[in-house]
Structures are given as C-alpha cells and as structure tokens.
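Q: I'm new to this one. Can you walk me through it?

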Amino acid sequence: MKVVVDYDLCEANAVCMRILPEVFQVDDKDSLNILIEHPPESMRGKLKEAVRLCPRQAISIEED
Amino acid sequence: MSQRSFVDLDLSDPDSFAGGFPHAYFRALRREDPVHWNDTRHLVERNGRGFWDITRYQDVKMMSRNPMLFSSSEGGTNIFELHGDDLHGSRSMMINMDPPQHVKYRRLVAHNFTPRMIEKLEGHIRELAREIVDSIAERGSCDFIMDVAAQLPMKTIMEIVGVPEEDQQRLFDLSNKLVGFDDPEYQGSFDEGRMAAAEVAMYGQKLSDLVAECPMNNLASALYHGKVDGQSLDPLQYNYFFLMLMVAGNETTRTMTAHGMRLLMENPDQRRKLVENPALIPNAVEEFLRYNPPVMSFRRTLTDDYELRGKTLRKGDKVILWYPSANRDEEVFADPDRFDVTRQIPEHLGLGIGEHYCLGASFARAQLRSIFTELLTRVPDMEPAGPIRYLRSNFINGIKEMPVRYTPAARSQPARTDEASQSSPAPAGCPFHQGPQGQASA
C-alpha cells in the first residue's frame, strides 16, 4: 500500500505523527515528510487511524 | 410509511432552540429519519422553502470532506438565503469559498495557526488569562460572560491580527452584532447586522494602511503582503478576510468558555477531577467541544444530485450540518449524552473536519486550556448567582449573561493604575509584536 498526502490540505496538525511517527514526520518548518512511502502491512491499522483522525482529511491509502 | 415518534420542528426558526439544543428531537431523527427534510415555515423569503437536516456523524463528515459536491460558495454557509450583492459579498469571505480559491486564501495565513506556531504564544496567552482572572479574583461575583469568557478571545484575536489597543473595544462591540443577528437584544434587524459588518470591514482598510507602511509579524500584514495567483488581495477581499477573523475568533471561543464553565458548575464531580488533576484539562476541553460545540450548524448547497440513506438530494438543495447531533451519534460515541471529562475519543466534529476545519483550532484550544487552568486553580468553587440568558440563534449556541459567585481570591500581582488601558509595550520577544514598532531585544 502507498501513503498519499494532499499537500493542499495538510496544515501540520501532526495528528498523524502522534499516531505513527515511523511514517509521518512534521519537521520544525511545519513540513510533513513521509518517511516510508510503502509501509508494511503491519502498519495498516495505525495508517487507517491516521487517515480517519487527520483533521483536514489530507491522507489516503492507495493499494498497489 | 412507518410511524414517526416525533413531530417536525422547523429549525430555521431560532425559537426551536429556546430551551437549549433540542437533543431529544435529534435523537429521534438519527434513529428514524437521519436525512430529514425540514420544511421552512419561518420567514420563508429569508430562509427558503426548506432544507435537509443532516444528523449523523458519518454524513456530516462525508459532506465536509467533499467541498466540490457540497459547496460553501454556491449559497454561502448560513441557514438563511442570501441574494444579489449580499451573496456576492459573502463569497469574498474565505469561509464561503470552495477549492481551488479556498486553498489559496487559506494558505495566506494557515502557517500562523499551526500547533507549533501557536505553542510559541502559549506563555503569553497564559499571562493574559492570569490578568483576566486577576481582574475578577477579589470581587467574589461577576458576569462570567463579559468579565471572563469574552475577554481572552477578544484580546488574543486582536493581538494576532494586529489591531491597535485603542480600537479594540469598538471592534468588540461591533463583532457582537454580527453573530447575534436573530437576537433582538443584540441588533434590531438584519440591516443593523449588515451595517456592523460593513463598519468592521471598513476598519480592515485602516489596518491595511497601517501595515502597508510598516510590515509586522501579524495577520494584518500577512494578508496585506501575501499573494493569491500572484496578486495582492483587493480591498474588498482584504476587509472581508479581516471581518471573518473577527467573527470567527470572538464569539465561538467565548461561547465555549461559557458552556465549559456552565457544565463544570452543573457537574461538580467532574470539576473536582480537574481541580485535583489539572493535567486532565486539555482532555476536558475536547469533551466541552464534543458535548456543546459553539457552532451548531453550517450550510452547504448540492452541486449535483446525491443519494443518501434512501433520500434523493437534488442539485441546488440546501443541507444543514448539525454538529451537536453528530457529536452525540450513538454509532460513534458510547453513552453520548454523558458528560465525561475523562472520555478518550478525540474525533468529535466540534471544530469541523476537512477543507474548512477550524483554522483557529489550535489557537482556541490554547486559550481554553489557559483560562480553565487559571479559573480552576484560583476560583474552583464558582457557582451560578442568577439565571443564564441564552442567545436566540440556530447558528451559535451563545450565552449572553451568566452571573456567578465564588470565594474571593488573591490577585497574582497588584493592579496597575492604568489597568483599563494595559498599554504597556509588549514584552521583549513577544511573538505578537516583533517588528519595527516593537523590536524584540536581542
């Protein structure tokens, strides 16, 4: 699966980083960096939580 | 057709909210008719022929994340209808825009409102909260609305925008008229509200003149010097942006502060938990937002037909998103009518979600944390001292007056002789005022 972020929506709320810091990193310039673009299946649960809880709904999962 | 247990309420009539948000009615709607056609009988010319009441969490969320289909621009975001110049003017406000324009406008100021940027203001916000509680601490009684709840949102939004001290009271009085447009006490007619809006918008002109000469680290300056599609905002766009910030930043946080204190006074066992463990206050703020969101409704207009739960919503239909109902949705929240400051679910819709998620969410949360920490540590036994007077509205869950009494407490520092004006220069390093006028010391 692939993590996709809509950067027109992302506003560095960093809820995703709290949930899954291995994948989502908001740096000190308020930029979101995706650390693992194709995370392992074991992370799907946390990824779905990040998708659900992002206040701007900026994250989606694409299946390869 | 199955029997309904409820009688229709016309929610375009603010008197439907006279006894508080009609939770029992919405409970029945969620159960029996979650996408409910609301015929408008109240001021039809103003409110239109009717709209769909959207009552379920998943539906409010779905519409919020789909701005192209559920438009904020098409008919604006109020329950009532706007026409001609009023509608055109309203589309100059970011809240009534759709992508791609909405994205470009929001980007002008969004970087000022991130959690990281707001965290830099936390110390100063806490200091302002301390001063506000100082101003009532020794009295033993006050009107919680004007003396406490209204103060911090006004001070902080005006500081972050960059409104000079001497203009703040007038702007505060004007912005009261803008949301209370259905309440005869705040304004006599729709026209008075329109005039107040015009006056606030014109003040934006004065502000833009100030920052044109003197770029500052504030929102007035960011709006002035920022560009949309390579162009500066024209005066109308600038002034309406300013107007929107004044409205959004004032009444809502005031209302949440008032309801939060009301809920704590009504639930002393819950308050005791916070007094004993102030680390719970941030979570309590989330439960305030879930249980009593200050914004009850926003409107969207369909740009195409849409089938939802067996109903056909037509292109051009109006839908009203009812946030207090979404926040009590039994499918999402266990025992939703129980007020519990220790509740762990963070995903309420009290600040919206998606494209128009509250721009000031972190800002509001910082203010609420600060004011409740000050109140609960210094005047923890606050109780009602008279009847609560509610705003007449189907939009904002406002409280106009809430007399309270409490054991007098000490000030944190002696009153200054010029306390009313508080015109001391901003402290060195104050993030609101860095710039040519208030250069932070090295």
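A: We'll take confidence, then the sheet, a helix, the cores and the chain contact.

Q: What kind of model is it?
A: It is a predicted model. The predictor gives the complex an ipTM of 0.97 and a pTM of 0.91.

Q: And what does chain B average for pLDDT?
A: Chain B averages 89, and 91% of the residues score at least 70.

Q: Where does pLDDT stay under 50 in chain B?
A: Over residues 419-442 of chain B. The model has 27 contacts for that stretch beyond four places in sequence. Where pLDDT is low, the predicted coordinates should not be read in detail.

Q: On to the sheet. What is the strand order in chain B?
A: The order is S1-S2-S8-S5-S3. These five strands of chain B form an open sheet with mixed pairing.

Q: Which strands stand at the edges?
A: S1 (35-39) and S3 (70-71) of chain B. Each has a single partner strand, so one side of each is left without a neighbour in the sheet.

Q: How many bridges join S3(B) to S5 of chain B?
A: Two, and the strands run antiparallel. S5 of chain B covers residues 297-302. There, B:Thr301 is the bridge partner of B:Ser71.

Q: Which strands does helix H3 of chain B lie across?
A: H3 (residues 57-64) lies across S1, S2, S3, S5 and S8 of chain B. The helix runs at about 120° to S8(B).

Q: Why is H3(B) largely enclosed?
A: Six of its eight residues are buried, so the rest of the structure largely encloses H3(B). The buried ones include B:Tyr57, B:Val60 and B:Met63.

Q: New topic: how many residues has the largest nonpolar core?
A: That core has 108 residues. B:Leu243, B:Met244 and B:Val319 have the most contacts inside it. Helix H13 (residues 235-266) of chain B gives the most to this core, with 14 residues.

Q: What does B:Val319 touch?
A: Among its contacts are B:Phe51, B:Trp52, B:Met63, B:Phe70 and B:Leu302. B:Met63 is also one of the buried residues of H3(B).

Q: Which residues are in the other core?
A: Among them are A:Cys10, A:Val15, A:Val23 and A:Leu47. This core has 14 residues and lies apart from the largest one.

Methods
Residues numbered from 1 in each chain as written. Chains lettered and ligands numbered in written order. Predicted model: local features only at pLDDT ≥ 70, side-chain atom pairs only at ≥ 80, totals over all residues. pLDDT = per-residue confidence, 0-100. Contact = placed C-beta atoms within 7 Å. Pairing = 2+ DSSP bridges. Helix = DSSP H or I, 4+ residues; strand = E, 2+ residues; numbered from the N terminus. Axes fitted to C-alpha atoms, helices over the stretch in contact; angles between N-to-C directions. Core = buried A, V, L, I, M, F, W, Y, C linked by C-beta atoms within 7 Å. Buried ≥ 20, exposed ≤ 12 C-beta atoms within 10 Å, placed from the backbone.
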